[in-house]
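Keep the structure open while you read.

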Amino acid sequence: MSRSEIVRRARAVELLVFDVDGVLTDGGLYYDENGQYAKRFDVQDGLGIKAAQAVGLHIGVITGLDSKAVANRVNELEIDEYVAGRVEKSTAFEALCERHGVAPYQAAYVGDDWVDIGPMRMAGLPMAVPNAQPEVLQVAAHVLSRPGGRGAVREAIRLVLFCKGCLDGELESWRKGMALAKAASRRLNR
């Protein structure tokens, strides 16, 4: 797909939907001696999600597993929509679009495995992590350079914000917020 077509599609995005394992996480399941597992999330992805929310984009997560660790992270980030335990993701994707009054062409979907192909075929901007399954890479309009759980979500969000012309403005808002926080901290420490 041409760069100009990617830009055109990204400008239309109002809803970003992410898979979890292999996209929001590195895909690993870390088991302890009691058989409990944990997942690793990238803090930069979280900040990217907050930036997308700050400019009015809706965020959704659809995952095949139902995990308390993921539910906790989704709640922490105040993500609009969380659908867990759904291996068939197309109907969940359609429902997210409907709930937010967004046509599928106004949605981006980032996936990595076969269960993501359905919603990726429906989304206006289907994206994949670089280590996605070959069939997923074929469906993707754009392949990210960062792997899942290591900045892929942030990269996808940066692409959308840049194409919509609001990346610089959001960065400036963060800078101003940090400057205000530092000034307030200095006043408190006097």
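## Around Lys39

Let's start with Lys39. Leaving out residues up to four places away in sequence, Lys39 touches Asp21, Thr25, Leu29, Tyr30, Leu65, Ser67 and Val70. Bear in mind that this is a predicted model.

You'll find Lys39 in the loop that runs between strand 3 (37–38) and helix 3 (43–54). Is this lysine buried or exposed? Lys39 has a relative accessible area of 11%, and the cut-off for buried is under 20%, so Lys39 counts as buried. The Lys39 side chain also makes a polar contact of 2.5 Å with the side chain of Asp21.

Asp21 sits in helix 2, which covers residues 20–24. Its relative accessible area is 19%, and because buried means under 20%, Asp21 gets that label too. UniProt lists Asp21 under "binding site", and the entry is an unreviewed one.

Which residues does Asp21 touch, if you skip those up to four places away in sequence? They are Gly27, Lys39, Thr63, Leu65 and Asp112. There's also a polar contact within the local stretch: the side chains of Asp21 and Thr25 are joined at 3.4 Å. Thr25 is on the contact list of Lys39 as well. Leu65 turns up in the contacts of Asp21 and in those of Lys39.

## A nonpolar patch on the surface

Now for the outside. Leu29, Tyr31, Tyr37 and Leu65 form a nonpolar surface patch, and together they have about 370 Å² of accessible area.

Tyr31 counts as exposed because its relative accessibility is 53%, with the cut-off for exposed being over 50%.

## The whole chain

Zooming out, the protein chain has nine helices and eight strands. It runs to 190 residues, and 44% of them are buried. The accessible surface comes to about 9,900 Å², with 51% of it belonging to carbon and sulfur atoms.

Methods:
Residues are numbered from 1 along each chain as its sequence is written. This is a predicted model: local features need pLDDT of at least 70, side-chain atom pairs count only at pLDDT 80 or more; totals for chains, interfaces and linings use all residues. Side-chain values use heavy atoms; hydrogens and water are left out. Patches are made of residues with over 30% relative accessible area and no salt bridge: like charges are joined within 9 Å, nonpolar side chains (Val, Leu, Ile, Met, Phe, Trp, Tyr) within 5 Å. Accessible areas come from the Shrake-Rupley method with a 1.4 Å probe; for residues, only the protein chains shown count as cover. A salt bridge is a side-chain nitrogen of Lys or Arg within 4 Å of a carboxyl oxygen of Asp or Glu. Buried means under 20% relative accessible area, exposed over 50%, partly exposed in between (1.4 Å probe, protein chains only). Helices (H or I, at least four residues) and strands (E, at least two) are DSSP runs, numbered from the N terminus. A polar contact is a pair of N or O atoms within 3.5 Å; within protein, one must be able to donate a hydrogen and the other to accept it, and residues adjacent in sequence count only if both atoms are side-chain atoms. Contact means heavy atoms within 4.5 Å. UniProt positions are given in the numbering used here, feature names are shortened, and annotations may be inferred rather than shown by experiment.
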